[in-house]
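I opened this model to look up its strands, its core, its surface and its cross-links. My entries follow in the order in which I made them.

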Amino acid sequence: SNPSQITQKKTNDNSECFDMSFWQNQTSELSQMTKYNNKTQTWSIYYANGEAYPDCTFDSTLNRILIINWHCNLPVTHAYISDTKESQSTCQYELTIESQWACLGEIPPAF
């Protein structure tokens, strides 16, 4: 199975956790989930494979959804999270990251 990439802690004592999404290492699946918006200069990766939970939606068979947005921001030398959104009724989560490496043509340095 694929490891969870983000887990949500529902209670203060961390006794209840939910997998918001799972890592996809299949290139074909990842390319289908990734979209680039030229107007906003943002890459969006759409994961609709998180753990289902009946409190999230009218349909308890639906999975949690995580959208990760990488926004092109050339002056930013260190990436940072600029926005987060959560819909408790649909269990959809969105995370926006500002980074110069999201800009077309930018190549991150080798490690």
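Predicted model: local features only at pLDDT ≥ 70, side-chain atom pairs only at ≥ 80, totals over all residues.

Entry 1, Trp70. I began with Trp70, which lies in strand β5; helices (H or I, at least four residues) and strands (E, at least two) are DSSP runs, numbered from the N terminus. Trp70 has 31% relative accessibility and therefore counts as partly exposed. Buried means under 20% relative accessible area, exposed over 50%, and partly exposed in between (1.4 Å probe, protein chains only). Together with Trp43 and Leu104, Trp70 forms a nonpolar patch on the surface, with about 280 Å² of accessible area for the three together. Patches are made of residues with over 30% relative accessible area and no salt bridge, with like charges joined within 9 Å and nonpolar side chains (Val, Leu, Ile, Met, Phe, Trp, Tyr) within 5 Å. Accessible areas come from the Shrake-Rupley method with a 1.4 Å probe; for residues, only the protein chains shown count as cover.

Residues are numbered from 1 along each chain as its sequence is written, and side-chain values use heavy atoms, with hydrogens and water left out.

I found one helix and seven strands, in the order β-β-α-β-β-β-β-β along the sequence. The protein has 111 residues, of which 30% count as buried. It exposes about 7,500 Å², and carbon and sulfur atoms supply 54% of that area. For contacts (heavy atoms within 4.5 Å), I read that 47% of those with a separation of 6 or more are between residues 24 or more positions apart.

Which residues make up the largest nonpolar core? I listed ten: Met20, Met33, Ile45, Tyr47, Leu66, Ile68, Cys91, Tyr93, Leu95 and Ile97. Strands β4 (42-47), β5 and β7 each supply at least two residues of this core, and the largest share, three residues, comes from β7. A nonpolar core is a set of buried Ala, Val, Leu, Ile, Met, Phe, Trp, Tyr and Cys residues joined through side-chain atoms within 4.5 Å. Not counting residues up to four places away in sequence, Ile97 touches Ile68, Asn69, Trp70, His71, Ala79, Tyr80 and Ile81.

I placed Ser99 in strand β7; at 2% relative accessibility it counts as buried. Leaving aside neighbours within four places in sequence, Ser99 is in contact with Trp70, His71, Cys72, Asn73, Val76 and Ala79. The C-alpha atoms of Ser99 and Ser82 are separated by 9.9 Å, and the two residues are 17 apart along the chain.

The structure holds one disulfide, meaning a pair of cysteine sulfur atoms within 2.5 Å. It joins Cys72 to Cys103, with S to S at 1.9 Å. I read 95 degrees about the S-S bond, a right-handed link. The pair links distant parts of the chain, 31 residues apart: Cys72 is in β5 (65-72) and Cys103 in the segment after β7 (92-99). Both cysteines, Cys72 and Cys103, are buried.

I found one salt bridge, that is, a side-chain nitrogen of Lys or Arg within 4 Å of a carboxyl oxygen of Asp or Glu. Lys85 pairs with Asp83, and the closest N and O atoms are 3.9 Å apart. Lys85 is partly exposed at 48% relative accessible area, and Asp83 is partly exposed at 32%.
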